[in-house]
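Subject: Structure handover

Hello,

Here is the structure I promised you. Please open it alongside this email; my notes follow below.

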Amino acid sequence: MSSTGASIIDELPGPDGRRPLSGDQAGTGRLGDRIFKAAASGAGGIVVVLVVLVGAFLLITAIPALRGNTANFFTSRDFTTSPLHFGIVQLLWTTVMSSIIALVIAVPFAIAIALFLTQYAPRWLARPGAAVIDLLAAVPSIVYGLWGAYVVAPKFVPVQDAIQTVFGWVPFLKGVPSVSGGTTILFVGLILSIMILPIITAISREVFAQTPMTHKEGAIALGATKWEMIRTAVLPFGKPGVISASMLGLGRALGETIAVMLILSTIPNGAPWTWSFFNGGSTFASLIASNAPEAISDMRQMGAYIAAGLVLFVLTFVVNVIARVIIERRKAFTE
Amino acid sequence: MNTKRIGAAATLALAGSLSLAACGSASNGGSTTSSSSTGASDTASSSCGTAPIKSSGSTAQQNAMDQAIAAYTAKCASAKVTYNGVGSGQGITDFIGKQTAFAGSDSALSPDKGEPAKAQAACGSPAWDLPMVVGPIAVAYNVKGVSKLTLTPDLIAKIFSGKITKWDDPAIAARNSGVSLPATPISVFFRSDSSGTTDNFTKYMNTVDPTDWPTKHNKSWDGKVGQGKPKSAGVGQAVQATDGGITYAEWSYAIVNKLNMAELDSGAGPVALTPETAGKAIAAATQTGTGNDLSLKLDYKTKAAGVYPIVLATYEIVCSKYADPTVAANVKAFLTYMASSEFQGTLASVGSAPLPPAFQTKVQAAIQAIS
Amino acid sequence: MTTTTPEIERPIVPGLGGRSASRTVKNTVATAAVWLAFLIALIPLVWILWTVFSRGFGSLLHVSWWQKDQSGAGAPAFDHSLRGARHAVVGTLLMGLATAVIAIPIAVLTAIYLVEYGRGRVARAVSFMVDIMSGIPSIVAALFVYAVWVTTLGWTLIPLCSSLALVLLMVPVVTRSSEEMIKLVPNELREASYALGVPKWRTILRVVLPTCFSGIVTGALLGLARVMGETAPLLLLASYTQYLNQNVFSGSMAALPTLINTQSLNIAVPIAADRVWGAACTLIILVLAMNLLGRFIARFAKVHK
């Protein structure tokens with residue numbers, strides 16, 4: 001087992017032939033240890049209880065609406081709550097695509113910036129540089145929303161038009177005339193990538209900075225160039241941290257509410273469907289946020305939106321399982 | 001300080017100073033006369049609340065409500081009224097959940113959803129819907145070179161349902177002789193958030209032209225064309241930025257976004273949206289509530305001359321008898337001010353229409369009956 | 001730190017020490033790319049800050065911005081007085097403080113549990129729940145609190161409810177970042193401490209946490225920065241008010257995001273736009289100030305050690 005925090009004393013037999021101290025028994029049962037352990041476990045327990053409660057709340061609210069649903073929940077693109085006729089295809093597509101676009105843009109940048117700040121930047125620049133990137137995290141999402149919708153989107157129209165002209169033959173990049181003003185899935189992905197950049201960068205930076213000097217020196221001593229040193233020492237060391245950071249970023253992108261709501265054009269239920277990134281749409285979170293204030297007076301209607309929220313919940317679940325598998329496999333591979 | 005704040009609005013400053021004088025002399029609850037017919041005679045004697053009251057609901061009346069609160073607190077320094085534009089649905093939920101003293105809503109409590117019963121349970125007495133602000137819905141457009149446009153009910157339904165897609169469509173041109181319409185495609189913008197405005201506008205289209213708009217009214221958009229933008233600010237901004245854009249928005253937001261508004265020809269010639277033409281629609285409405293419950297049914301199909309029928313009656317939903325008499329006194333004081341012709345007269349400048357005088361009287365009588 | 005044996009994939013280049021041209025080129029390209037990435041990332045940053053500061057900083061220069069609330073504000077087309085954001089600044093700080101006070105202990109303790117105590121299935125479950133929690137969209141967190149507080153318990157909403165919803169959003173962020181930081185503390189330190197007979201809990205408190213203190217503070221502040229700018233939960237829970245309220249246990253309380261939201265309804269009107277961008281500017285400066293404070297604390301702690 002490679003987890004940190006475990007100690008060699010976990011494996012050695014204790015004095016007087018007592019059974020080996022393993023993990024949580026590294027302390028020897030002193031009062032302080034017991035209290036502290038209880039507090040830590042209790043906090044973990046609170047997290048579990050909260051998540052279970054939220055899940056239960058989602059389920060309980062969603063079930064009546066799902067029972068009354070006249071459309072297929074998994075295959076319908078419509079979302080109407082009076083009468084209840086809703087499916088998640090459009091939401092799932094928009095949510096996943098905008099987040100993936102965000103991740104695809106943000107992760108390479110985040111890694112590069114983190115490397116820059118920890119390995120390349122001159123000393124005088126490293127600290128302020130890090131602070132500057134952190135600044136992006138200081139901008140609240142509603143400001144990103146207003147900025148994106150009112151300032152950037154109009155300027156982004158020519159860029160999108162250019163992409164459509166050049167790459168219009170790619171099915172995902174076909175122009176969608178009914179969505180104007182640049183407020184497309186692609187554009188939301190771009191804004192989301194800016195929003196999640198600081199969180200991925202910050203963690204990657206911390207992790208890269210902790211690369212043991214011996215590893216780096218070893219690589220250099222073996223004649224590696226700086227880039228080879230990074231590729232062989234820094235990146236492998238930081239990989240689990242970067243993945244974990246990316247997942248945090250992805251979680252934020254999937255659940256981002258107010259910025260998406262302000263920026264993304266929604267499309268009407270009956271609109272002709274296209275898989276293009278230049279389409280509009282709603283994400284799970286933006287749909288719920290724009291409709292909850294009116295729907296909350298009617299729990300059956302609310303249930304339809306909550307059912308969508310439940311899918312988002314499950315989606316995050318799946319993403320995390322995948323991330324975990326990646327991390328675990330990586331560990332096994334290294335050892 | 002207070003007069004300085006509202007100094008920009010001459011009418012209001014006048015009203016404020018008049019009633020400031022009145023405020024000092026007024027005693028407490030029940031002193032208000034509800035004559036309020038046509039004259040300016042009733043600018044006086046509404047009393048001031050003293051305790052803070054909390055309310056929430058429709059964003060359609062947010063601007064009117066802000067204005068009312070500003071003017072009311074200008075004359076009653078001791079009063080504190082909070083109104084939160086969270087949406088009618090949450091406004092009603094907050095009210096039923098005893099979070100607020102009254103709710104602002106774009107529609108009366110709906111018996112289908114069992115809301116009157118729930119509200120009665122929360123109040124311990126029947127809840128009343130009091131129409132307070134008339135919010136006309138403007139059909140706002142942006143077509144280069146077109147500053148005057150006349151639409152008919154079926155043209156509106158055809159445009160918003162996507163059956164007419166170009167501005168120079170013969171059907172539009174037939175109603176707008178003398179206007180040179182470009183071949184710009186029509187971009188329909190609708191509200192992406194659920195809203196009472198959408199609900200009323202779709203109700204209008206479904207009533208006047210069920211062939212072109214067959215779906216029932218809905219708080220979220222049921223059309224087949226167009227794109228959704230958040231809130232009135234979003235649709236307003238989108239139309240402003242898009243040549244060929246058209247949307248529906250509360251009048252106040254059409255004004256602040258400086259949008260052109262279409263005139264409506266329901267059969268007796270084009271009618272522009274003015275406080276008078278919108279007020280007439282309310283005057284022609286029938287009361288569906290009983291007693292002091294003044295919920296209204298609007299006559300969208302009216303062919304009467306000079307009526308602009310796409311209006312939204314926004315209600316304040318109150319308890320007929322509050323458990324706490326101080327709350328009752330405060331709510332009464334504030335609503336009495338809101339329903340006074342002194343305040344209603346200033347509504348046009350914030351993009352709402354005043355209640356017709358006959359209605360003001362009814363509403364005042366109902367407010368007096370609150371205990 | 002056992003996972004990280006570096007694998008030198010490429011054997012030493014044959015020949016007498018000279019680097020092949022392709023390696024040099026790769027190295028140069030990588031250096032250029034990394035610099036470029038940093039410079040490109042500055043574009044949106046400069047742009048958004050320029051937008052916010054050029055439009056909003058003017059408002060902040062009015063004394064009344066910091067001294068007054070928005071009481072008496074009328075409809076924007078009517079009203080030309082900027083007034084202030086004191087109510088929203090105070091509200092944001094108080095709600096942020098309440099959130100931090102609840103969330104940070106839970107998050108850091110959970111992280112400690114995950115790294116130092118948790119083993120096997122239970123720990124995996126907790127760790128997994130943290131991931132799930134990070135996927136709760138802010139609006140769902142708000143609906144959950146609303147459902148529990150109002151619908152189930154029948155209580156009146158108080159500003160603390162917003163903090164509770166924000167706690168749900170903040171805990172996973174801070175737990176994850178703290179966990180990463182605690183994991184990075186070399187095991188040798190722990191072992192050295194155990195060897196000296198220091199109990200585990202004292203080892204954690206006196207050795208592990210101080211070592212990664214700055215990382216934890218950074219993570220906590222990033223988390224707090226995220227939730228202080230959250231808007232969606234506040235819309236549902238913290239009914240906006242024009243008046244100053246300094247009590248998180250009663251009434252309604254304004255916050256900068258809700259001030260922005262309310263005024264943005266009329267963003268086409270100059271006075272409302274001034275308030276919107278002014279509030280945005282204030283919020284950014286506030287979060288920034290907190291970040292600087294956090295850095296200062298972190299550095300101070302290091303020196304102290």
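Over which residues of chain A does pLDDT stay under 50? The answer is residues 1-25 of chain A. There, the model has 38 contacts beyond four places in sequence. pLDDT is the predictor's confidence in each residue, from 0 to 100. Two residues are in contact if their C-beta atoms, placed from the backbone, lie within 7 Å.

First, some ground rules. This is a predicted model, in which local features need pLDDT of at least 70 and side-chain atom pairs count only at pLDDT 80 or more, while totals for chains, interfaces and linings use all residues. Residues are numbered from 1 along each chain as its sequence is written, and chains are lettered from A and ligands numbered from 1 in the order in which they are written.

Confidence in chain A
The mean pLDDT of chain A is 84. In chain A, 88% of residues reach 70 or more. Among its elements, helix 2 (residues 89-120) has the highest mean, 94. Helix 10 (residues 299-334) of chain A has the lowest, 76. Helices (H or I, at least four residues) and strands (E, at least two) are DSSP runs, numbered from the N terminus.

Chain A and its contacts
Chain A splits into domain 1 (1-68) and domain 2 (73-334). Such bounds come from an automatic or database domain assignment. Here 10 residues of domain 1 touch 13 residues of domain 2. The domain 1 side has six nonpolar, four polar and no charged residues. Ala, Val, Leu, Ile, Met, Phe, Trp, Tyr, Cys and Pro count as nonpolar; Asp, Glu, Lys and Arg count as charged; the others, Gly among them, count as polar.

Chain A also meets chain C: 92 residues of chain A contact 95 of chain C. Helix 1 (residues 31-68) of chain A gives the most to the chain A side, with 16 residues. By class, that side has 57 nonpolar, 26 polar and nine charged residues.

Chain B
Chain B has domain 1 (3-134 + 313-369) and domain 2 (137-278).

Three strands form it in the order 5-10-11, with mixed pairing. Strands pair if DSSP finds at least two bridges between them. Strand 5 (150-151) and strand 11 (270-271) of chain B stand at the edges with a single partner strand each, so one side of each is left without a neighbour in the sheet. Strand 10 (residues 263-265) and strand 11 of chain B run antiparallel, joined by two bridges. B:Asp265 stands opposite B:Pro270 in strand 11.

Best wishes
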